[in-house]
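Dear colleague,

I am handing over the structure we spoke about, with the sequence alongside. Please open it first and keep it beside you while you read the notes below.

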Amino acid sequence: MHCLRYLLLAIVVCAPGVGVQISAQAPVDTAHYAVTYVSVMPTARASAVAAVKQYRDASRKQDGFVRIELFEQVGRPGNYVLVEAWKEPPAFDAHLKGAHAMQFRDTLQPLRVTGYDERPYKNFSVAPATGSASGDAIHVVTHLDTVGGPQGGGPDLARKMAEASRREPGCLRFDVLQGTTRANHFTIVETWADQKAYDAHLSAPHTKQYRETVQPVTGSPLDERVYKAVE
């Protein structure tokens, strides 16, 4: 009798479509991001942009390339942020060792007036873009430094802010990236269809609430900068 009972139990568990269902695990996101701040002499803007485009075009031919974007800060000509996305860290590491990557940095060296401040990131809350950005698009890059770890609530506030903002009209992108070497450091990359959409976002109730609640758990003032894309 005991043997029969065990046999029936085995049939119920193992039979297709019957018994315990084991859901497949979500694939691990291995994407690697690099965000770089660099400023060049105003007279060197054209040369710097040409160097970035050459670097981007050469990088496209490498395994693991996703995209490279260049933004210039509004009101501060020559102040740039470079946002790179690669499928995984090894692809980015191999890319850095390439001749064109080293040549790019050598080309920028005599043009820049700041260091080449490159920081590594991973996906914290990233969603597909909801549309293509036109020349009227507003791009915002914010550095968020949280304190107290996850228990402090800063990371969760950033995630909720991203989810709420993506539902706003005119939001084309709202990505939250987490530092791979300093887990309490985040970079937020936003794209809005135009100035009107961005202004509406700034006055939205959830934006005001976020700014008020996140301030006590930040280690430094929000470093929020507005940019235009350089095509």
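This is a predicted model: local features need pLDDT of at least 70, side-chain atom pairs count only at pLDDT 80 or more; totals for chains, interfaces and linings use all residues.

Aromatic pairs

The count of aromatic pairs comes to 5. One of them is formed by Phe65 and Trp86, whose ring centres are 5.5 Å apart and whose planes stand at 85 degrees, and because planes over 60 degrees apart count as edge-to-face, the pair is edge-to-face. Phe65 belongs to strand S2 (residues 65-73) and Trp86 to strand S3 (residues 79-86), so this pair ties together parts that are 21 residues apart in sequence. As for accessibility, Trp86 has a relative value of 0% and counts as buried, and Phe65, at 15%, counts as buried too.

A further pair is made by Phe104 and Tyr116, with ring centres 6.1 Å apart and planes at 80 degrees, so that this pair is edge-to-face as well. Here Phe104 lies in helix H4 (residues 99-108), while Tyr116 lies in the loop between H4 and strand S4 (117-125), so the parts tied together are 12 residues apart in sequence. Phe104 is buried, its relative accessible area being 3%, and Tyr116 counts as buried at 17% relative accessibility, a value that falls under the 20% cut-off. These two residues also belong to a cluster, in which ring pairs link Tyr55, Phe104 and Tyr116.

A ring may also have a charge over it, and in this model the charged end of Arg159 sits over the ring of Phe124, at 4.2 Å from the ring centre.

His32 and Pro89

Which residues does His32 touch, not counting residues up to four places away in sequence? The contacts of His32 are Glu84, Ala85, Trp86, Lys87, Glu88, Pro89, Phe92, Pro120 and Tyr121, so you will meet Trp86 of the Phe65 pair again in this list. His32 itself is found in strand S1 (residues 32-39), and at 8% relative accessibility His32 counts as buried.

Pro89, which is among the residues that His32 touches, lies in helix H3 (residues 89-96) and is partly exposed, with a relative accessible area of 35%. When its neighbours within four places in sequence are left aside, Pro89 is in contact with Thr30 and His32. Pro120 is likewise touched by His32, and from C-alpha to C-alpha Pro89 and Pro120 are 9.3 Å apart in space, with 31 residues of separation in sequence.

Strand S6 and its partners

Is strand S6 (residues 171-179) mostly covered or mostly open? Strand S6 is mostly covered, since 9 of its 9 residues are buried. On one side of the pairing, S4 and S6 run antiparallel and are joined by 4 bridges, and the bridge partner of Ser125 in S6 is Val176. S6 is also joined to strand S7 (residues 185-192), again antiparallel, by 7 bridges, with Asp175 standing opposite Val189 in S7. S6 and S7 form a hairpin, and 5 residues lie between them.

With kind regards

Methods:
Residues are numbered from 1 along each chain as its sequence is written. Side-chain values use heavy atoms; hydrogens and water are left out. Rings of Phe, Tyr and Trp (its six-membered ring) pair if their centres lie within 6.5 Å; planes under 30 degrees apart count as stacked, over 60 as edge-to-face and the rest as tilted. Helices (H or I, at least four residues) and strands (E, at least two) are DSSP runs, numbered from the N terminus. Buried means under 20% relative accessible area, exposed over 50%, partly exposed in between (1.4 Å probe, protein chains only). A charge sits over a ring if NZ of Lys or CZ of Arg is within 6 Å of the ring centre and within 35 degrees of the ring normal. Contact means heavy atoms within 4.5 Å. Two strands pair if DSSP finds at least two bridges between them.
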